[in-house]
Amino acid sequence: MIDIGNIFNECDTALGDAMRTLYQNRPNYFILFLSQAEYNPLCENIDGMSPYMTDYTWDFHVNYHQRNYIIHYLNRNYKRSGFTYTEDSVDDLVTEMMIYSHIWEDVCFVKFLLRLSQLIDEKDYVWNTDVEYHTELYETIKDKIIAPLKAQRLQLGEIIEAAYSSNVRNAFSHSMYSIDVDRREILLWGGRTKERRWQQMMSFDEFQEKFLKSIRIWNTLFYLINECRRKAAEDKLVSGMIPVTETKNMQIWAEMRKYGDKYEPYFKGQVISINDNKR
């Protein structure tokens, strides 16, 4: 039987190590990462506005109900130990294939992983990720998330590599899979022509382990970012100058700001010209 507690602890430790590495090695970029900075081309030609934005929350809002659905499902099945798929619970297996596919298509989640991995690998901040269009998503995850983390010898790279399978996502999205309850296996396939046809057999346990690692990374990453954002705002952290382009820098201030009846973290960024020190 799969040791859920061990999987969750492994994922939590790996994510904590990755976040700590960025904070220790590149503190200014850690604040930039927490600020949820984004390049918004719609602001390019608006007087008094910069396309380099902080506190970009649109990605959170568009998936609000999907995330609630996932949390409700997890609370129903995984707050008890030893949950596994049986003939009576094969519907849950299908549900988890759907959830798994949605997680690895979650733009906000992939953006955070991409930016975290690139910054840890001493690369520039990825202002414009293009992951919204889901073009070359497999290559992005493999080459720009997994490879940099492994290059820095962080366990998170190994965990994501073990958790991620584009075959599950592709087979599920095109309804190209079948389930053998007696053999406890899932047959995945794809391709409409002989030349492009492929298939893969995956055991129930193998899929469940991928699902659990994916869901824990997804959930813990959002949790850690929220906790770090709150701590940075409570401590009123201020970044140093961060290069944005060859001619512009950005500085970021974190603080708690009141919204309605409660206080929430707020990150303000200011873009400054290098040449004339003007905004």
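Which residue lies over the face of Tyr 266? Select Arg 257 and you'll have it: Arg 257 lies over that face, at 3.7 Å from the ring centre. A charge sits over a ring if NZ of Lys or CZ of Arg is within 6 Å of the ring centre and within 35 degrees of the ring normal.

Before we move on, some ground rules. This is a predicted model, where local features need pLDDT of at least 70, side-chain atom pairs count only at pLDDT 80 or more, and totals for chains, interfaces and linings use all residues. Residues are numbered from 1 along each chain as its sequence is written, and side-chain values use heavy atoms, with hydrogens and water left out.

Now pick Arg 26 and Tyr 29: the charged end of Arg 26 sits over the Tyr 29 ring, 4.1 Å from its centre.

**Rings meeting rings**

Rings of Phe, Tyr and Trp (its six-membered ring) pair if their centres lie within 6.5 Å; planes under 30 degrees apart count as stacked, over 60 as edge-to-face and the rest as tilted. That rule gives 18 aromatic pairs. Select Tyr 52 and Trp 127, whose ring centres are 5.0 Å apart with planes at 85 degrees, so this pair is edge-to-face. The two come from distant parts of the chain, 75 residues apart: Tyr 52 is in strand E2 (residues 52-53), and Trp 127 is in the loop between helix H6 (107-120) and helix H7 (137-151). Helices (H or I, at least four residues) and strands (E, at least two) are DSSP runs, numbered from the N terminus. Tyr 52 is buried at 16% relative accessible area, and Trp 127 is buried at 10%. Buried means under 20% relative accessible area, exposed over 50%, partly exposed in between (1.4 Å probe, protein chains only).

Next, Phe 112 and Phe 222: their ring centres are 6.0 Å apart and their planes at 75 degrees, so they are edge-to-face. Phe 112 lies in helix H6 and Phe 222 in helix H10 (residues 204-234), so the pair ties together parts 110 residues apart in sequence. Phe 112 is buried, at 5%, and Phe 222 is buried too, at 9%.

On a 1 Å grid over the protein atoms alone, a cavity is a set of points where a 1.4 Å probe fits but cannot get out, and a pocket is an open set with protein on both sides within 12 Å along at least five of seven lines; lining residues have an atom within 4 Å of a point. Grid points are joined across faces, edges and corners, and a volume is the space filled by probe spheres set on the points.

To find the largest pocket, select Gln 36, Thr 57, Phe 60, Asn 226 and Glu 264, which lie nearest its centre among its 21 lining residues. The space there is about 670 Å³. H10 gives the largest share of the lining, seven residues.
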